[in-house]
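Good morning, and thank you for making time for this presentation. Please look at the model on the screen as I go through its fold, its domains and its ligand shell.

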Amino acid sequence: MTDNKKTKELNGLRDKNMAKGFASARSICVQKAEGATIWDMDGREYIDFAGGIAVMNVGHSHPDVVAAVKNQADKFMHTCFMVLPYESPVRLAQKLNTLVPGESPKKTMFVNSGAEAVENAVKIARYYTKKTGIIAFENAFHGRTLMGMSLTSKVQPYKLGFGPFAPEIYRIPFAYCYRCSFGKEYPSCDIACADHLESFLITHCAPETTAALIAEPVPGEGGYMVPPPEYFPELKKICDAHGILFIADEIQTGIGRTGPMFAMEHWGIEADITTTAKSLAAGMPLSAVVGKKKIMDCVHPGGVGGTYGANPLACEAALAVLSVIEKENLLKKGKDLGEKLSTALNDLKDDFKIIGDVRCLGPLAALELVKNRETKTPAQEETKAITDYCFKKGLVLLSCGVYGNVLRFMMPLVTTDQQLEQGINILNNAFEWLEKR
Ligand SMILES: Cc1ncc(COP(=O)(O)O)c(C=O)c1O
């Protein structure tokens, strides 16, 4: 049954009452979501390849997560952990301290959003090192707060008009092998992009004043570039040699998105500080900063925190998420899903010239679309046409990349084989339609 009139009415009300900048990609109204399926108010069903931007790794409305939130809501919803503490954040911190890669003892603090976790990671790194400089990457995205957008490198829509930005931020190119900033090719490049950090510390910012380097293991908004295996170990070695902290922003890549619980496990890296959020609490607003004990404990009581940090509903949801991942063997399921996805996307590349590059790291994947495989001219308009077509046919698919020409895949890890096949079929039809257009 459709209820188109009601959706239209709501959209009208929204336009009248909600700020334009707080925009949505689509103008439907969601009514229900389960696993990798979403239903709108008009009774239409969608396969979800976006997962609320990598938030729903355990799937929408997982019964264990829903039960945990309901159960907590019956008891109490807020006391402010900074005033009157309770059990769930303590248990969750204990779990995260063991899950975040590396042998060093860890400690954790909680806030509400990814951007807030990034803000706090930078505050802690500066406080600990007594230095101010932060090195970030081209193609980085770290949020929309002042520090978050200052660290972000995509101008539109995140920065233009919102300055001045936070000072003491320096930027180096990421290992974007498809469009190498140094005009080289892997592996003959010898990871020149990582070695560049050494000279950057001479030409741009001295180690004596540089507190930290902040890196997304795979840049999310920036285009899902998977770096070569030697890249992060080399960067980490340079950071360690110069007393610069290494912050891993695992807000998008954590909680099984790339196969293991955290992406840094692919390269055996122990970050000094790790930020995580998104899929951690399956839709409840929660983020965590997890770091080496001596670093996390450097700040005086009250120096970090916030009214809603470690919200009891969100922490119960996160405990349920971690137990679902274990109980349902979701990391293994994610790896299997990633393999099937990679095969399907590489098959599409064989069939459609517009696909310039396929990038996969476990169940995180991307297709970079180009007008011409030789010139690699970004196919931005075509990318939008593909996501629009897919949406009309019942597939939620998002784009990313500085040029808006990358399709990214971040479906729930519980996506069934049938849903994957259906979604890929829709995408295949979209490419066929585009060629005939
Ligand atoms: C790597 C990364 N860092 C930070 C953020 C900001 O998170 P939030 O939107 O929850 O503030 C995001 C969001 O997409 C992200 O992908």
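Predicted model: local features only at pLDDT ≥ 70, side-chain atom pairs only at ≥ 80, totals over all residues.

**Overall architecture**

Of the 437 residues in the protein chain, 48% are buried, where buried means that 20 or more other C-beta atoms, placed from the backbone, lie within 10 Å of the residue's own. Residues are numbered from 1 along each chain as its sequence is written.

The protein chain has 13 helices and 15 strands, which are DSSP runs numbered from the N terminus (helices H or I, at least four residues; strands E, at least two). Its radius of gyration is 22 Å, close to the 22 Å given by the globule rule for 437 residues, so the chain is as compact as a globular protein of that length. That radius is taken over C-alpha atoms, and the rule is 2.2 Å times the number of residues to the power 0.38.

Let me turn to the domains. The assignment, which is automatic or from a database, gives domain 1 (4–58 + 329–436) and domain 2 (65–327). Their centres, taken over C-alpha atoms, are separated by 25 Å. Across the boundary, 28 residues of domain 1 are in contact with 31 residues of domain 2, contact meaning C-beta atoms, placed from the backbone, within 7 Å. Which element gives the most to the side of domain 1 that touches domain 2? It is α11, with five residues. That side divides into 15 nonpolar, seven polar and six charged residues.

The largest nonpolar core has 128 residues, and Ile247, Ala317, Ala318 and Val321 have the most contacts inside it. Such a core is a set of buried Ala, Val, Leu, Ile, Met, Phe, Trp, Tyr and Cys residues joined through C-beta atoms within 7 Å. Helix α10 (residues 312–327) supplies the largest share of this core, eleven residues. Leaving aside residues up to four places away in sequence, Ala317 touches Val65, Ala68, Val69, Ala281, Ala282 and Met284.

Finally, the ligand. Among the 14 residues around the ligand, Gly114, Ala115, Gly143, Gly220 and Gln252 come nearest; a residue counts as near if its C-beta atom, placed from the backbone, lies within 6 Å. Helix α5 (residues 114–129) gives the most to this shell, with three residues.

Technical notes: Buried ≥ 20, exposed ≤ 12 C-beta atoms within 10 Å, placed from the backbone. Contact = placed C-beta atoms within 7 Å. Nonpolar A, V, L, I, M, F, W, Y, C, P; charged D, E, K, R; others polar.
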